[in-house]
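Biologist: Please take a single part, the interface between the chains, and go through it closely. I would like the contacts described residue by residue where that can be done.

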Amino acid sequence: MADTITDLTETEAQAQAEAFRAGRDERAIAAAKETRTPTVVVDDVHIVYKVHGASAGKGSATSALSRLISRKRSPAITEVHAVRGVSFTAYKGEAIGLIGSNGSGKSTLLSAIAGLLPTEKGGIYTNGQPSLLGVNAALMDDLTGERNVVLGCLAMGMSPAQVKERYQGIVDFSGINEKGEFINLPMRTYSSGMAARLRFSIAAAKTHDVLLIDEALSTGDQAFQRRSEARIRELRKEAGTVFLVSHNNNAIRDTCERTIWIETGKLIMDGPTDEVVGMYERGERP
Amino acid sequence: MSTVSEPVNLSLPGGVDTGLTPKQLADKYGLTVSGARPGLFAYTKQLWGRRHFIMAFATARLVAQYTTAKMGQVWQVVTPLLNCAVFYLVFGVMLKNRDIPEYIPWLCTGVFIFQFSQSAIQSGTGAISYNLGLIRALHFPRACVPIAFTVIQLQQLLISMVVLIAILLGFQIPVGPTWLLVIPALLFQSLFNTGLALIMARIGAKTSDVSQLMPFILRTWMYVSGVMYSIAGSVHTWNPVAQFIMRVNPASVYMELIRHSLMPQIYDKHKYAKYQVLPPHIWALAIGWGVVMFVIGYVFFWKAEEEYGRG
Ligand SMILES: Nc1ncnc2c1ncn2[C@@H]1O[C@H](COP(=O)(O)OP(=O)(O)O)[C@@H](O)[C@H]1O
Ligand SMILES: [Mg+2]
């Protein structure tokens with residue numbers, strides 16, 4: 001798996017990306033006319049966060065008891081309507097970029113697709129269990145990188161033999177050991193970029209039907225971003241669907257042929273990447 | 001490309017599927033509601049598939065515990081011993097419970113066995129909330145976490161048992177064939193603990209207030225369970241309902257069973273004037289509590305499977 005990518009040089013990766021982008025919009029539009037296999041169907045989804053005002057805080061045992069018994073929540077419940085009626089369908093083999101300003105609802109939408117947030121209205125249907133890779137999806141901070149790799153792989157359902165076989169590939173792909181034996185240190189000693197790299201490497205070791213990446217690659221350095229983009233392209237070829245949230249528009253251009261633009265929880269545009277990202281950058285609205 | 005033509009929608013199905021609504025499309029290709037909980041049988045199968053994860057997770061947690069606290073391993077044994085010393089002082093010397101035969105080994109057994117259930121409840125309560133990062137990052141049956149925590153308790157119990165046996169030998173308690181009964185007794189207690197940990201994990205995941213109440217509940221439970229005084233010696237004048245409740249209390253059932261396995265002689269009325277009495281049907285109670293609590297806990301935890309990690 002990952003071994004093939006680790007051998008890629010910068011220029012080769014660059015060339016691959018170039019080839020991928022040439023005439024892509026036209027191909028995407030043509031492909032949309034064919035019969036495709038859907039992997040994620042988002043049908044008029046609304047997501048509402050209910051924030052329990054200032055009720056947080058740990059009181060004494062007696063006040064905790066009275067709160068439990070009366071079952072009364074703090075009266076001030078604020079509702080945040082984070083996603084308002086978004087619909088789209090994603091298909092097998094697609095890599096879809098998700099763009100929009102901060103707080104537009106990208107992370108919320110991905111959490112819901114991963115099944116970590118309930119929908120208020122509408123339905124989300126997926127092929128298999130999507131995997132979400134978030135910025136602060138810390139694994140086990142007090143354990144070494146090595147243990148995190150092993151435990152992460154086992155948790156994803158690999159057998160001990162498979163873990164043994166893939167371990168070195170994962171560590172090499174992450175590049176954690178490039179500057180010393182960091183893999184034997186607890187993950188809390190890693191920089192945020194290093195931690196993000198290791199987490200992505202663990203998740204990418206398995207084929208996913210649907211992989212959701214929420215800014216998880218943004219903290220990695222240039223060389224790692226190239227490598228991970230190549231890996232994303234490979235994951236798609238293995239008949240998966242990849243969603244990518246990134247504030248680096250070039251990363252989206254290099255990886256995704258389709259982009260969805262959301263703003264204040266509403267879908268603004270859903271189309272070929274160059275067209276959508278172009279308008280987003282120019283500040284135009286369709 | 002810069003021509004603002006009519007926006008192309010890559011979302012709409014093409015080919016033979018043209019015109020299907022999203023819901024129809026999802027049904028046609030057999031897509032399922034994201035995050036839906038699997039059936040009980042499928043869930044158990046998934047859980048079995050993660051058995052290596054459960055063991056590795058438990059071991060890793062245990063190692064981390066011992067390496068972060070410098071005296072981690074030592075405290076595991078010292079804390080219950082300190083408890084034994086305090087209870088001996090208060091209940092043995094000051095409240096004169098010393099006439100229970102072999103009071104110190106009897107007390108230590110009670111403290112260690114109660115500790116086993118107590119720590120299962122404590123770690124179960126925090127199992128989900130302390131591992132949210134892991135739960136949100138990766139997909140696996142959530143019951144792995146509370147179950148791994150009871151495996152940790154079991155590993156720690158083995159250390160405690162070594163200490164307990166040293167104490168028993170130090171007080172010249174004879175080794176006998178009934179000592180083997182400790183194994184099935186602890187097995188059913190582990191089953192009971194796992195069920196309880198699963199229940200507490202679901203409650204603790206939803207209501208953080210529970211962790212505030214836990215110390216109070218656990219202390220009360222310990223005081224009514226006869227860790228430091230003999231239940232049989234205290235309740236015989238009570239009304240029958242109260243007696244029944246005191247005697248079916250699972251903590252005292254397991255405690256009494258293990259005391260009886262390790263020191264059967266103190267239940268002998270020819271040998272001791274104030275001999276201990278084993279409540280009736282104690283094995284049936286021990287097995288019943290273990291199996292029933294495990295099944296209830298497992299189903300109760302599974303019922304909320306899709307909700308862990310939300311919020
Ligand atoms: N846990 C939460 N509780 C309440 N509101 C939230 C929570 N998380 C996000 N929000 C709100 O939902 C909206 C969308 O947030 P988010 O999905 O994180 O945006 P993005 O990822 O696009 O920056 C924002 O208005 C934010 O304030
Ligand atoms: Mg976000």
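Modeller: What follows describes the interface, from its overall extent down to single pairs.

This is a predicted model, in which local features need pLDDT of at least 70 and side-chain atom pairs count only at pLDDT 80 or more, while totals for chains, interfaces and linings use all residues. Residues are numbered from 1 along each chain as its sequence is written, chains are lettered from A and ligands numbered from 1 in the order in which they are written, and side-chain values use heavy atoms, with hydrogens and water left out.

Chain A contributes 61 residues to the contact and chain B contributes 51 residues, where contact means heavy atoms within 4.5 Å. Together the chains bury about 4,800 Å², with 63% of that on carbon and sulfur atoms; buried area is the accessible area (1.4 Å probe) lost when two parts are put together, summed over both.

Between chain A and chain B, 14 residue pairs are in polar contact, both residues being at pLDDT 80 or more. A polar contact is a pair of N or O atoms within 3.5 Å; within protein, one must be able to donate a hydrogen and the other to accept it, and residues adjacent in sequence count only if both atoms are side-chain atoms.

One salt bridge crosses the interface of chain A and chain B, the term meaning a side-chain nitrogen of Lys or Arg within 4 Å of a carboxyl oxygen of Asp or Glu. Its partners are Asp142(A) and Arg61(B), at 3.0 Å from N to O. Over all chains, the whole structure has 19 salt bridges.

Strand β4 of chain A (residues 121–126) pairs with strand β1 of chain B (residues 32–33) in the antiparallel sense, over two bridges. Strands are DSSP runs (E, at least two residues), numbered from the N terminus, and two of them pair if DSSP finds at least two bridges between them. Within this pairing, Tyr125(A) has Val33(B) in β1(B) as its bridge partner.

Conventions:
Helix = DSSP H or I, 4+ residues; strand = E, 2+ residues; numbered from the N terminus.
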